[in-house]
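Notes go down in the order I looked things up.

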Amino acid sequence: PVAKRAHGLSIQSDSVAKITALLHASTNQHTKDFTAILEGWSGQFIRTNDIEQKLAECAQNMGITVLRGSSYEVAKGDLQAILNHNSAHTLTENQQRLQPIISAASVIIAADGAHSIAREALGITLTDSETLKY
């Protein structure tokens with residue numbers, strides 16, 4: 001589905017610099033394309049739906065399968081249950097459906113905001129101690 005959110009965000013130059021520093025080591029042409037996109041956003045206010053569309057196109061050009069929508073929604077507790085699953089615990093129906101997808105993923109992008117369920121479940125802290133209100 002196409003992103004419908006029309007609000008935007010300002011992408012801080014230091015965030016772009018950290019990501020592009022990691023990407024510069026790659027010789028993959030698509031990674032270089034992605035780096036160019038990020039550098040073009042540095043310090044700019046970009047509509048969220050434009051970001052989502054451009055990143056999805058870039059990922060698909062790289063051969064990455066992008067799974068989006070309510071069918072792939074991860075609720076609070078899902079990641080912990082799936083990643084720490086053992087035979088002593090039963091997974092919910094949704095967790096059972098998500099388990100093979102998450103288990104097969106080589107990368108999980110926790111891009112679900114400051115109150116991210118994915119980021120919190122993976123133990124990733126915010127680099128800024130102050131959460132923005134909007």
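Where is the place of glutamate 120? I find glutamate 120 in helix α6, residues 117-121. I take helices as DSSP runs of H or I with at least four residues and strands as runs of E with at least two, numbered from the N terminus.

Before going on, a note on the ground rules. I'm working with a predicted model, where local features need pLDDT of at least 70, side-chain atom pairs count only at pLDDT 80 or more, and totals for chains, interfaces and linings use all residues. Residues are numbered from 1 along each chain as its sequence is written, and side-chain values use heavy atoms, with hydrogens and water left out.

**Entry: Glu120, continued**

I get a relative accessible area of 42% for glutamate 120, so I log the residue as partly exposed. The cut-offs are under 20% for buried, over 50% for exposed and partly exposed in between, with a 1.4 Å probe and protein chains only. Leaving aside neighbours within four places in sequence, I see glutamate 120 in contact with Lys76 and His115; contact means heavy atoms within 4.5 Å. Lysine 76 is 44 residues away from glutamate 120 along the chain, and their C-alpha atoms are separated by 9.2 Å.

**Entry: whole chain**

I count six helices and two strands. Reading from the N terminus, I get the order β-α-α-β-α-α-α-α. Of the 134 residues in the chain, 22% are buried. I also looked at contacts with a separation of 6 or more: residues 24 or more positions apart account for 50% of them.

**Entry: α1 against α2**

How far apart are the axes of helix α1 and helix α2? I get 10 Å for α1 (residues 13-23) and α2 (residues 29-41), with a packing angle of about 165°. The axes are lines fitted to C-alpha atoms, for helices over the stretch in contact, and the angles run from 0 to 180 degrees between N-to-C directions. That angle makes α1 roughly antiparallel to α2. My classes are roughly parallel under 35 degrees, roughly antiparallel over 145, roughly perpendicular from 65 to 115, and oblique for the rest.

I note that α1 passes α2 in a left-handed crossing. Left-handed is when the near helix is turned anticlockwise from the far one by less than a right angle, and right-handed is when it is turned clockwise. From α1, Val16, Ile19, Thr20 and Leu23 meet Thr31, Phe34, Thr35, Leu38 and Glu39 of α2. By class I have five nonpolar, three polar and one charged residue in the contact of α1 with α2. Here Ala, Val, Leu, Ile, Met, Phe, Trp, Tyr, Cys and Pro count as nonpolar, Asp, Glu, Lys and Arg as charged, and the others, Gly among them, as polar.

**Entry: α2 against α3**

The axes of α2 and α3 come within 9 Å and cross at roughly 165°. I therefore log α2 as roughly antiparallel to α3. The crossing of α2 and α3 is right-handed. I find His30, Phe34, Ile37 and Trp41 of α2 making the contact with Ile51, Lys54, Leu55, Cys58 and Asn61 of α3. The contact of α2 with α3 has six nonpolar, two polar and one charged residues.

I zoomed in on lysine 54 in helix α3. Lysine 54 is partly exposed, with a relative accessible area of 38%. Not counting residues up to four places away in sequence, lysine 54 touches Ile37 and Trp41.

**Entry: cores**

Which residues make up the largest nonpolar core? I list nine: Ile11, Val16, Leu23, Ile37, Leu38, Trp41, Ile46, Ile51 and Cys58. A nonpolar core is a set of buried Ala, Val, Leu, Ile, Met, Phe, Trp, Tyr and Cys residues joined through side-chain atoms within 4.5 Å. Two or more residues of this core come from each of α1, α2 and α3 (48-61). The largest share, three residues, comes from α2. There is a second, separate core of six residues, including Leu79, Ile82, Ile102 and Ala118.

**Entry: Phe45**

I find phenylalanine 45 in strand β2, residues 45-47. Buried or exposed, at 60% relative accessibility? Phenylalanine 45 counts as exposed. Leaving aside neighbours within four places in sequence, phenylalanine 45 is in contact with Gly8, Leu9 and Ser10.
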